[in-house]
Amino acid sequence: MAALPVFRWHLAPDGYATRRQLRARNLRPGGQQVAAQLERPRRRRPPLVAYLYRVDLAKPVRPMTAARWAALAKANAARRTCPACRRDAGYVIPPSLGTCAPCAYPDPHGSEGTA
């Protein structure tokens, strides 16, 4: 197994791209192996590493089908539904709370408040 070519940060030759750079061009790695890596040195810590793929071997991004859009909508709805009160919170419920804000922090004075 040959070692990967290693380039310094911002010094990769043309023809290589990270996953994000490929996605910005509407491309995907398409099953190819990592072709090279970038390393950004840091003091007293291991370097940051970014993997590079060959642009000429990249494939176009698959288009979203109606079924994939439906599955994504269902998954996002599940992330917005409070498990305690079963209501749509209107936002993605943070995993740190586990429930919507009204269920996590109930009003001790009831719904009237102290107005």
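In strand S5, the bridge partner of Ala 36 is Leu 52. This pairing belongs to a set of six bridges that join strand S4 (residues 36–42) to strand S5 (residues 45–54), and the two strands run antiparallel. The model is predicted: local features need pLDDT of at least 70, side-chain atom pairs count only at pLDDT 80 or more, and totals for chains, interfaces and linings use all residues. Residues are numbered from 1 along each chain as its sequence is written, and side-chain values use heavy atoms, with hydrogens and water left out.

**The sheet**

- Strands are DSSP runs of E with at least two residues, numbered from the N terminus.
- Two strands pair if DSSP finds at least two bridges between them.
- Four strands make an open sheet in the order S1-S4-S5-S2, and the pairing is mixed.
- S1 and S2 are the edge strands, as each pairs on one side only.
- Strand S1 (residues 6–8) runs parallel to S4, and three bridges join the two.

**Leu 52 in strand S5**

- Leu 52 lies in strand S5 and counts as buried because its relative accessibility is 1%; buried means under 20% relative accessible area, exposed over 50%, and partly exposed in between, with a 1.4 Å probe and protein chains only.
- Leaving out residues up to four places away in sequence, Leu 52 touches several residues, among them Phe 7, Tyr 16, Val 34 and Ala 36; contact means heavy atoms within 4.5 Å.
- Leu 52 and Arg 19 are 33 residues apart in sequence, and their C-alpha atoms are 7.4 Å apart in space.

**Turns and loops with positive phi**

- S4 and S5 form a hairpin with two residues between them.
- Arg 44, in the loop between S4 and S5, has a phi near 55°, a positive value in a residue other than glycine.
- With a relative accessibility of 81%, Arg 44 counts as exposed.
- His 10 is placed in the loop between S1 and strand S2 (16–17), and its phi is near 70°, also a positive value in a residue other than glycine.
- His 10 is exposed, with a relative accessible area of 70%.

**A nonpolar surface patch**

- Leu 4, Val 49 and Tyr 51 make a nonpolar surface patch of about 260 Å².
- A patch is made of residues with over 30% relative accessible area and no salt bridge; like charges are joined within 9 Å, and nonpolar side chains (Val, Leu, Ile, Met, Phe, Trp, Tyr) within 5 Å.
- A salt bridge is a side-chain nitrogen of Lys or Arg within 4 Å of a carboxyl oxygen of Asp or Glu.
- Tyr 51 is found in strand S5, and its relative accessibility of 45% makes it partly exposed.

**Cysteines without a disulfide**

- A disulfide is a covalent bond between the sulfur atoms of two cysteines.
- The structure holds zero disulfides, where a disulfide is taken as a pair of cysteine sulfur atoms within 2.5 Å.
- Cys 82 is in no disulfide, and the nearest cysteine sulfur, that of Cys 100, is 3.6 Å away.
- The sulfur of Cys 100 has its closest cysteine sulfur in Cys 103, at 3.5 Å, so the distance is too far for a bond.
- Cys 82 is buried, with a relative accessible area of 0%, and Cys 100 is buried as well, at 4%.

Definitions and conventions:
Accessible areas come from the Shrake-Rupley method with a 1.4 Å probe; for residues, only the protein chains shown count as cover.
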